[in-house]
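Q: I have a model open and would like a close look at a single part of it. Walk me through that spot and then through what surrounds it, please.

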Amino acid sequence: GYGGGGGGGSAVALKSGEPEVGQIYRGRVSNVMDFGCFVELTEFSAAKKFEGLVHLSMISAAKQVNARDQVKRDQSVWVKVTTRSSTRMALSMRDVNQDTGDDLLGGAGGGDDLLG
């Protein structure tokens, strides 16, 4: 598909609206369990809190035994929304470069304009 232009502007404006499946957002680890971690999306205005679960298998591509070995509370992470219903949101850290926020699966149209 076409459209979807680049996200110009250097201001750190908070997003309004809602997280979209397939999009990548900044987040903060709010809780860590053995089976995964909960991440609160930090890019949205505080009117509503969006929080999702990163399952253990989605934290890293490496074989994981315990999520506590991988992330810690209040850690800043990049997450991709994989599925979303009215009440739950599933997130992935594995598919996102944790240094740059780039989509490791390629996503839409590559990221040539992100180099620099």
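In which strand does R84 lie? Start there and take your time.

A: Keep in mind that this is a predicted model. R84 lies in strand 4, which covers residues 76–84. With a relative accessibility of 30%, R84 counts as partly exposed, because that class sits between the 20% and 50% cut-offs.

Apart from neighbours within four places in sequence, R84 is in contact with E18, P19, V21, F50 and M89. E20 is worth a glance too: the C-alpha atoms of R84 and E20 are 8.0 Å apart, although 64 residues separate the two along the chain.

Two polar links come from the side chain of R84. One goes to the side chain of E18, a polar contact at 2.7 Å. For the other, a polar atom of the R84 side chain sits 3.3 Å from the backbone oxygen of P19.

The E18 link is also a salt bridge, with the closest N and O atoms of E18 and R84 2.7 Å apart. This pair ties together distant parts of the chain: E18 belongs to the segment before strand 1 (24–33), R84 to strand 4, and they are 66 residues apart. E18 is partly exposed, at a relative accessible area of 39%. In general, side chains of opposite charge can pair when their charged atoms come close.

How many salt bridges are there by this rule? The count comes to eight. Another of them is between the side chains of R28 and E40, at 3.1 Å from N to O. Here too distant parts of the chain are linked, with R28 in strand 1 and E40 in strand 2 (residues 36–41), twelve residues apart. R28 is partly exposed at 30% relative accessible area, while E40 is buried at 18%. E40 makes it into the buried class because the cut-off is under 20%.

Then there's the salt bridge between the side chains of R94 and D95, 3.9 Å from N to O. R94 counts as partly exposed at 35% relative accessibility, and D95 as buried at 10%. Coming back to your arginine, salt bridges with shared partners join E18, K48 and R84 into one network.

The structure holds two aromatic pairs. In one, the rings of Y25 and F44 have centres 5.2 Å apart and planes at 55°, so the pair is tilted. That pair links distant parts of the chain, Y25 sitting in strand 1 and F44 in the loop between strand 2 and strand 3, 19 residues apart. Y25 is buried, with a relative accessible area of 4%, and F44 counts as buried at 7%. The other pair brings in F50: the ring centres of F44 and F50 are 5.1 Å apart and the planes stand at 65°, so this one is edge-to-face. F44 and F50 are both buried. Put together, Y25, F44 and F50 form one aromatic cluster.

Zooming out to the strands, what order do they follow in the barrel? Five strands close into a barrel in the order 1-2-3-5-4, and the pairing is mixed. On average, neighbouring strands of this sheet are turned by 50° against each other, direction ignored. Strand 2, which holds E40, is joined by five bridges to strand 3 (residues 51–55), and these two run antiparallel. For one of the details there, the bridge partner of V39 in strand 3 is G52.

One last stop is S92, found in strand 5 (residues 89–92). S92 is buried, with a relative accessible area of 0%. Leaving out residues up to four places away in sequence, S92 touches V54, M58, W78, V79, K80 and T82. The side chain of S92 also reaches the backbone nitrogen of R94 at 3.3 Å, and R94 is the residue whose side chain meets D95 in a salt bridge.

Conventions. Residues are numbered from 1 along each chain as its sequence is written. This is a predicted model: local features need pLDDT of at least 70, side-chain atom pairs count only at pLDDT 80 or more; totals for chains, interfaces and linings use all residues. Side-chain values use heavy atoms; hydrogens and water are left out. Helices (H or I, at least four residues) and strands (E, at least two) are DSSP runs, numbered from the N terminus. Buried means under 20% relative accessible area, exposed over 50%, partly exposed in between (1.4 Å probe, protein chains only). Contact means heavy atoms within 4.5 Å. A polar contact is a pair of N or O atoms within 3.5 Å; within protein, one must be able to donate a hydrogen and the other to accept it, and residues adjacent in sequence count only if both atoms are side-chain atoms. A salt bridge is a side-chain nitrogen of Lys or Arg within 4 Å of a carboxyl oxygen of Asp or Glu. Two strands pair if DSSP finds at least two bridges between them. Axes are lines fitted to C-alpha atoms, for helices over the stretch in contact, and angles run from 0 to 180 degrees between N-to-C directions. Rings of Phe, Tyr and Trp (its six-membered ring) pair if their centres lie within 6.5 Å; planes under 30 degrees apart count as stacked, over 60 as edge-to-face and the rest as tilted.
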